[in-house]
Amino acid sequence: MIKVGLIGAGKMGISHLSLLGAHPDVEVAGVSDTSKMVLDALKKYTSFPCYTDYEEMLRKAKPDAVFVAVPTRFHADMVQNAMERDAHIFAEKPLCLTVLDGQKLVEIATRKNLVNQVGYHNKFIGTFREVKRLVENGYLGDIFHFVGEAYGPVVVRQKQNNWRSNPAEGGGCLLDYASHVIDLINYVVGPITKIKGSILKSFYSKNVEDSVFSLLEVSSEVSGVLSVNWSDETYRKMSTTLTIIGSKGKIVCDANELKVHFKTTDCPQGYSKGWNVKYITDFTDNVDFYLRGEEYSAQVDYFIKAIQKKVPNNINTFQSAWHTDKVISMIKQSINN
Amino acid sequence: MERILFGDNQFFAVNHISDEKSRAQAIKFQNDVEIIKTLDYSIDAGVHTFMCTTHDRIATICDYIRSHPAKYEDYKIYPCMPYAHKYANAVTELGIVGTIKEYVPNNFMGSLFKGGVAIMSKDYLSIMELMIDAEMKMFRNIKTPVIFLQNVITDLLLGLGMTEVLVAFHKYIRKKYDTEAGFITMNMPKLLDLLEKAGVENPIICTSINKAGFRMSGGKELYETVLKTRKVRVIAMQVLAGGAIPPKDAIKYICSLPNIESILFGASSRGNINETVSLIHEFDKQYQYDILSNF
């Protein structure tokens, strides 16, 4: 059994906690949260040991691994603190608010040889994994251009009062929403190296941006567009799409559907010349316990298996999340310029 | 429960395999008249139960049903609560406490917050009951023989081991509404274990069951074993696995399974509704004949 502790039982934390509670190889050793209401509910109806102070939880519960699902502002200290106690870490995204903080966490995790993972769950979605496979094996030929998009209905009116509306805590569309798309582009097309220009626009929020539009460059040959808006009420929930155009074909992919067009018959097995449409059902393995989407269960399971040394710890590492932090910081700078 | 239940995913742009189809459905059903028309197609096909989320727009559909009592005399609705995205988006925007403040009836929260959060912390089940009542308001004077807890909540509580809350939902629905409580889940075998241990016998569980094994946590074989060996009233949903299985194969598989009391499906056109309903009748007849001839 892996003893796991959770810091932060908010929206993502509670969801992780439920998955951990159902995981056959996990014992939930402790949960910490500062909200009395949430903690009282957990105390009353679950068997998990609860703490208001996360350091007390680390000290007393002595978890082998810790899930950190608090506002991004607290990641640097809490993750470092837990790693100093030799705990493997699953942190929510984005990794840190500054590039320096992220670098420090990457260094500690590497030095102490701890399993480290960040919650960019798109990499555990079957359609996006297939896109990665197609691109990596060169089936699209030379990549010319890509478009990464995400839209959803988070802020659709002028009203807000939590940490996601506070830029100092890690709020805003860039950190909360666009980070997913940036991370996916880094993973599939290659690391973004330059920002040619950005527009961050607010529609409803007073203190943070509600949308991010950027021109990105991977290399002098490969460039793309980032278009993210969390104030689009025509979407029922967050919807992420990746379009990639190459010399041999084109991909349009979201979490449900993969559409691939090949110019010639020179294409991978299972595909043919012209349009190919495949669905998430073709790429999804069953999970042992389902909550909100297979990808959430799969990423938690992958982390646990990495601790058990059943899989390599090479998806969503601190290192890759740190690169996403760097791109976020580059986008911010591109505005100031 | 009736053998065939009509679902509402198509009305609210829920499509498990295509965002494009979702948008097309959102456009098609943006007018409530289209929803009512489609419900009437299902009634024409002999389906008299509508299983739907407590989406705001259902309130208007309920108004229409109430104002046409003769036409909908035998019509039943199975409400499924809560409409999760309403709350999920609110939690992202307002946080957990903020969401409760927003959605729990005003007077209650006002008086409780005056008394301090500590008082409230002792009475979560009352909050749940108030939220159920708030969600049920739109269905007044409509027959709701089964009231369901949505899978995102059922499964969240299941993973957390909050058995007491699941049982409290079950008890409250029976006590207050004098109807059956049902649970939607993507983890049917685990949920059944937990409910049975807590003394909930022969529960109504609505869950993904399809030939492709899609969203059948723990695997298709495990589900088939549970259906063969356990006491549970199952409603099969996602029988077409979002469209991944051809309708004929999909329905044939479902009708061949034991212990499935009802089949839930949704469709946007009269043609598709009629096709699915007649396929269910066709294979039901075939398998009943097989069973009888085995005696």
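What share of the 295 residues in chain B is buried? Buried residues make up 55% of chain B, where buried means under 20% relative accessible area, exposed means over 50%, and partly exposed lies in between (1.4 Å probe, protein chains only).

## Basis of the values

This is a predicted model, in which local features need pLDDT of at least 70 and side-chain atom pairs count only at pLDDT 80 or more, while totals for chains, interfaces and linings use all residues. Residues are numbered from 1 along each chain as its sequence is written, chains are lettered from A and ligands numbered from 1 in the order in which they are written, and side-chain values use heavy atoms, with hydrogens and water left out.

## Chain B

The secondary structure of chain B consists of 13 helices and eight strands; these are DSSP runs numbered from the N terminus, with helices being H or I of at least four residues and strands E of at least two. Of the contacts in chain B (heavy atoms within 4.5 Å) with a separation of 6 or more, 75% join residues 24 or more positions apart.

H55(B) sits in the loop between β2 (49-53) and α3 (56-67) of chain B. H55(B) has a relative accessible area of 15% and is therefore buried. Apart from neighbours within four places in sequence, H55(B) is in contact with F12(B), Y83(B) and M138(B).

## Interface of chain B and chain A

The size of an interface is often given as the accessible area lost when the parts come together. Between chain B and chain A the buried area is about 4,300 Å², and carbon and sulfur atoms give 55% of this area. Buried area here is the accessible area (1.4 Å probe) that two parts lose on being put together, summed over both. On the chain B side 52 residues take part in the contact, and on the chain A side 48 residues.

There are two salt bridges between chain B and chain A, a salt bridge being a side-chain nitrogen of Lys or Arg within 4 Å of a carboxyl oxygen of Asp or Glu. R215(B) forms a salt bridge with E294(A), with the closest N and O atoms 2.7 Å apart.

Several helices of chain B each supply at least two residues of the side that touches chain A, among them α1 (19-28), α4 (84-103) and α9 (163-177). The largest share, twelve residues, comes from α4(B). The residues of this side divide into 26 nonpolar, 15 polar and eleven charged. Nonpolar covers Ala, Val, Leu, Ile, Met, Phe, Trp, Tyr, Cys and Pro, charged covers Asp, Glu, Lys and Arg, and the others, Gly among them, count as polar.

## Domains of chain A

Chain A is assigned domain 1 (2-120) and domain 2 (122-279 + 318-336), with bounds from an automatic or database domain assignment. The C-alpha centres of the two domains lie 27 Å apart. The area buried between domain 1 and domain 2 of chain A is about 1,900 Å², of which carbon and sulfur atoms give 64%. L97(A), V99(A) and Y120(A) supply 35% of the area that domain 1 buries against domain 2, more than any other three residues.

Between domain 1 and domain 2 of chain A there are zero salt bridges and seven residue pairs in polar contact (both at pLDDT 80 or more). On the side of domain 1 that touches domain 2, α5(A) gives the most, with six residues.

Terms used. Polar contact = N/O pair within 3.5 Å; in protein donor to acceptor, adjacent residues only side chain to side chain.
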